[in-house]
Amino acid sequence: MQLVDSHCHLDFDDFRDRIPAVLANMAAAGVSHALCISVTLTDFPRVLALAERYPNLYATVGVHPDYPDEREVRPEDLIRLADHPKIVAIGETGLDYYRLSGDLEWQRQRFRAHIRAARATGKPLVIHTRAAPEDTLRIMREEGAGEAGGVMHCFTETLEVARAAVELGFFVSFSGIVTFRNAAALREVAKALPLDRILVETDSPYLAPVPHRGKVNEPAFVRHVAETIAELRGLSLEALAEATTANFFRLFKLSKSKQLAEI
Ligand SMILES: [Zn+2]
Ligand SMILES: [Zn+2]
């Protein structure tokens, strides 16, 4: 069985000096690859260093919408930084009207810059959207995000929003939230979407799934996310793992030979 973690933050301090153990736990849990997500250009070198050092880690480049004080990013900066074989996507980017309030025009401009960079590089987008479904989908349409494709990560919106993303050519990724007792509505979304559009992730170090809730999350725990979705859909863990892993490699354009060489 082969699982992948499509979204984690292994450069965060929670993992300082723990990367070898995190990788060993991944291997023991059948998690072959993980995508390390950039949240600021300041920390990007640490994210890239992980992907350069470890064959089964990949990276993205982007500035997260919850960092108002980061210097503004231009599409040309992202395009230049994305020009690397281990950088497989642009993000994470998007809109977050839950954590921040006030005039968030800067978030929307930042989001547009990322979509332009994704289109220019041909690399897919990793989109974070929270409490801003209409504006997220509107900007995706206005900027032609479907041309680059990508994933709506750590999805918590409605089935209607998920279907709109799928119609735009996007994948939808589920985190440990699907294992939480109060997430019945989200489980319905995970059950209803086409199997060829679903990814699984941890968003480590946040959101550890049941039965690790409250602990520091890590990529090995993506197995619990996959188990929950498999059960919901009446599939074996192996079948769910096979589908979501194939989706991951297809979205991030990682060839079969490359995957095997790097395990
Ligand atoms: Zn996020
Ligand atoms: Zn994240």
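This is a predicted model: local features need pLDDT of at least 70, side-chain atom pairs count only at pLDDT 80 or more; totals for chains, interfaces and linings use all residues.
## Zinc site

E92 and H128 come from distant parts of the chain. E92 belongs to strand β4 (residues 87–96), while H128 belongs to strand β5 (residues 125–130), and the two are 36 residues apart. Both E92 and H128 are buried. E92 also coordinates the zinc ion (ligand 2), which is 3.4 Å from the zinc ion (ligand 1).

## D66

D66 sits in the loop between β3 (57–61) and α3 (75–81). Is D66 buried or exposed? D66 counts as buried because its relative accessibility is 15%, and the cut-off for buried is under 20%.

The side chain of D66 makes a polar contact with the side chain of R99, at 3.3 Å. Apart from neighbours within four places in sequence, D66 is in contact with D96, R99, L100, Q107 and H128.

## Helices α4 and α5

Two packed helices are described by the angle and the distance between their axes. For α4 (residues 105–121) and α5 (residues 133–142), the axes come within 10 Å and cross at roughly 40 degrees. The helix α4 is therefore oblique to α5. The crossing is right-handed.

On the α4 side, the contact is made by R108, F111, R112 and I115. On the α5 side, D135, T136, R138, I139, M140 and E142 take part.

Conventions: Residues are numbered from 1 along each chain as its sequence is written. Chains are lettered from A and ligands numbered from 1 in the order in which they are written. Side-chain values use heavy atoms; hydrogens and water are left out. Helices (H or I, at least four residues) and strands (E, at least two) are DSSP runs, numbered from the N terminus. Buried means under 20% relative accessible area, exposed over 50%, partly exposed in between (1.4 Å probe, protein chains only). A polar contact is a pair of N or O atoms within 3.5 Å; within protein, one must be able to donate a hydrogen and the other to accept it, and residues adjacent in sequence count only if both atoms are side-chain atoms. Contact means heavy atoms within 4.5 Å. Donors are N, O and S atoms within 2.8 Å of the metal (3.2 Å for Na, K and Ca); water is not among the atoms, so sites may look incomplete. Axes are lines fitted to C-alpha atoms, for helices over the stretch in contact, and angles run from 0 to 180 degrees between N-to-C directions. Angles under 35 degrees count as roughly parallel, over 145 as roughly antiparallel, 65 to 115 as roughly perpendicular and the rest as oblique. A crossing is left-handed if the near helix is turned anticlockwise from the far one by less than a right angle, and right-handed if clockwise.
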